[in-house]
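Morning, everyone. I have one structure to walk through today. Please bring it up on your screens and follow along.

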Amino acid sequence: MSQYHNDPASVIESDRAHVWHHLAQHKPFETIDPQIIVEGKGMRVWDITGKEHLDAVSGGVWTVNVGYGRTEIADAVRDQLVKMCYFAGAKGTIPGAEFAQRLIEKMPGLDRVYYANSGSEANEKAFKMVRQISHKHYGGKKHKILYRDRDYHGTTIACLSAGGQQERNAQYGPFAPGFVEVPHCLEYRADQPGEGYGERAAQAIEDVILREGPDTIGALCLEPITAGGGIIVPPQGYWERVQEICKKYDILLHIDEVVCGLGRTGTWFGYQQFGIKPDIVTMAKGVASGYAAISCCVTTNEVFEKFKDADDPLGYFRDISTFGGCTAGPVAALENMRIIEEENLCENSAAMGNRLHQNLLDLMNKHECIGEVRGMGLFQGAELVKSRETREPMDEKRVMAVVADCLKNGVIIGASNRSMPGFNNTLLFAPALIATADDIDQITDAVDQALTRVMA
Ligand SMILES: Cc1ncc(COP(=O)(O)O)c(C=O)c1O
C-alpha cells in the first residue's frame, strides 16, 4: 500500500499541488483544503478528515446508482481482470457479449450495443453514425443534428456543439458545424404556458426543421428528462408529437440516457416513461454505477444494417474506442444490472422518488423561494426564485450557499451551476436507488434547514 494512504496531510498536499479538479476554480484551494473522499458504503461517503456525508447526488454527478461498497461488483471485476482484462473491440469478449444480450432484453425495439467509456464518447459515436448514414444514403445532405436548449450531451467539442447550455460552452468555441438548436420544453419558463403547451413545444421543433429543410436533418438528440439544465420533465403531449415529427421527416431520434438510464427515473430507461421508440440510445453513468468506466451507444437493427455493405471499403463504422474493449466495464455492468433487478431498485426509485417529490412540495408551504418542484423517480429538482409571483430566478450565489450549507451539515446535494446564464437556480437531487424513507427525509430536512438559514 502506498505510504500516502495513511498520511492525510500529504495526500491533501499532493492533491493541492498536482491535481487539476474537474469543474473547479482552484483559487480557493490556496487557503482551504480540497475535500478528499476516501470511503463509501451504501448511501454514505467519508472524507479524509473522517467526516460522514449522506450523498444525495450519487457521487456528485448521478452515477453510483446501486450505492457504494458493493463487494460483489468488485469481486466480479477482479476475477475478470485476472482472466482477461482487455482486447480491442474489433473482437468479442464474454462479458461484452453477455451484457449486450441482457441490456437488449431491457430495450425492446433496440438491437445493437457499441461499447465506449464515457457519456460524451457514446454521444460522439451516435453523431458519427448519423453523419456516416448521411454520406452513405443521402449524398451527405441529411447531416444536421438537432439538439435542445438546456440539454447537455458531454464535454468534447462535438458534444458541446450539441450543447444547449451557453455557460458550459462559453470560451470553448468555435464549435463543429451542422448542429442546430431547438427550444427547451420547460413550461415554467415558457412564453406561452398552459393548455396545449406540450404540443406547442414540439411544434417549435418542427418549425426549426422546416426552416433548415427536412432533407438536411439527420437526427434529433434529446435527453428524456433534461438533467443539469434544470430537471425538465417534458410536458404532456410533447413526446407523441416529437415522435410523429421524426417519422414524418425521416429523422433519427437519439435519446441521451446518460443520466436517466438504469433505473434513475423509476423505469430501466427514461424514454420508457413516455412510450418513445428511439433509433439510438446512449448511456453511461449508472451502467456500472462508477465501478468501472463504460458507456454504450445502442441502436436499432435498422440503423445497424445501414453499415453492412461488404462491397464498399468505407461502408462500415470505422470507429474504435480503445478502452471500449476493457472487460471491467461490461462485467461490472452485468453485476450492476443483477443488483438493480434482485433488489427491485427501479421500483424503489419510483417509490422513494415520490416521497422525495412530496417532501419537496411540502417544503414549498414553508419556503416561498421554492418556485417549482420537478422530476421523476429519484431524480428531482427544486427551482428557487426570488418571488413566486415574478418567477425571478434566485441568484446562483444563494443557490450555491444552500448547497454549501447542506454540505457543512453532512448532506451532499447538487445544483445547476455555470450552465444557463441567469438560470442556475435549481437544486438537484439524485440519491442512489437504494435510498430509504429515512435517507430521503434526512435529505429534505437538511434542505429545509439550509433554506431557513440562507434565505433569512
Ligand atoms: C445527459 C448527459 N449526457 C452526457 C453526459 C456526458 O457524460 P460524460 O461526462 O461521461 O462524458 C452527461 C454528463 O453529465 C450528461 O448529463
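Start with who is buried in H11: Ala 328, Gly 329, Pro 330, Val 331, Ala 332, Ala 333, Leu 334, Glu 335, Asn 336, Met 337 and Ile 340. One caution before I go on: this is a predicted model. So much for the names; now the tally. H11 is mostly covered, with 11 of its 15 residues buried.

What does the covering of those buried residues include? Helix H3, residues 71-83, is one part, and helix H4, residues 94-105, is another. Strand S4, at 112-116, and helix H12, at 345-366, are also among the covering elements.

Next, the length of H11. The helix runs over residues 328-342, which makes 15 residues. At 1.5 Å a residue, H11 should span 21 Å. Its end C-alpha atoms are 21 Å apart, so expectation and model agree. Just after H11 comes Asn 344, with a positive phi of about 50 degrees.

Now the packing. Two packed helices are described by the angle between their axes and the distance between the axes. For H4 and H11, the angle is about 35 degrees and the axes are 8 Å apart. The crossing of H4 and H11 is left-handed.

Which residues make that contact? From H4, they are Pro 95, Gly 96, Glu 98, Phe 99 and Arg 102. From H11, they are Pro 330, Val 331, Ala 333, Leu 334 and Met 337. By type, the residues of this contact divide into seven nonpolar, one polar and two charged.

Let's step back to the whole chain. It has 14 helices and 15 strands. Along its principal axes, the C-alpha trace spans about 65 × 60 × 40 Å. Of the 456 residues, 49% count as buried. Now take the contacts with a separation of 6 or more: 72% of them join residues 24 or more positions apart.

One last stop, Asp 33. Where is it found? Asp 33 sits in the loop between helix H1, residues 8-18, and strand S1, residues 37-41. Asp 33 counts as partly exposed because it has 16 C-beta neighbours inside 10 Å. Asp 33 and Ala 9 are 24 residues apart in sequence, and their C-alpha atoms are 9.8 Å apart in space.

That's my tour. Over to you.

Conventions. Residues are numbered from 1 along each chain as its sequence is written. This is a predicted model: local features need pLDDT of at least 70, side-chain atom pairs count only at pLDDT 80 or more; totals for chains, interfaces and linings use all residues. Helices (H or I, at least four residues) and strands (E, at least two) are DSSP runs, numbered from the N terminus. The expected span of a helix is 1.5 Å times one less than its number of residues. A residue is buried if 20 or more other C-beta atoms lie within 10 Å of its own, exposed if 12 or fewer, and partly exposed in between; C-beta atoms are placed from the backbone. Two residues are in contact if their C-beta atoms, placed from the backbone, lie within 7 Å. Axes are lines fitted to C-alpha atoms, for helices over the stretch in contact, and angles run from 0 to 180 degrees between N-to-C directions. A crossing is left-handed if the near helix is turned anticlockwise from the far one by less than a right angle, and right-handed if clockwise. Ala, Val, Leu, Ile, Met, Phe, Trp, Tyr, Cys and Pro count as nonpolar, Asp, Glu, Lys and Arg as charged, and the others, Gly among them, as polar.
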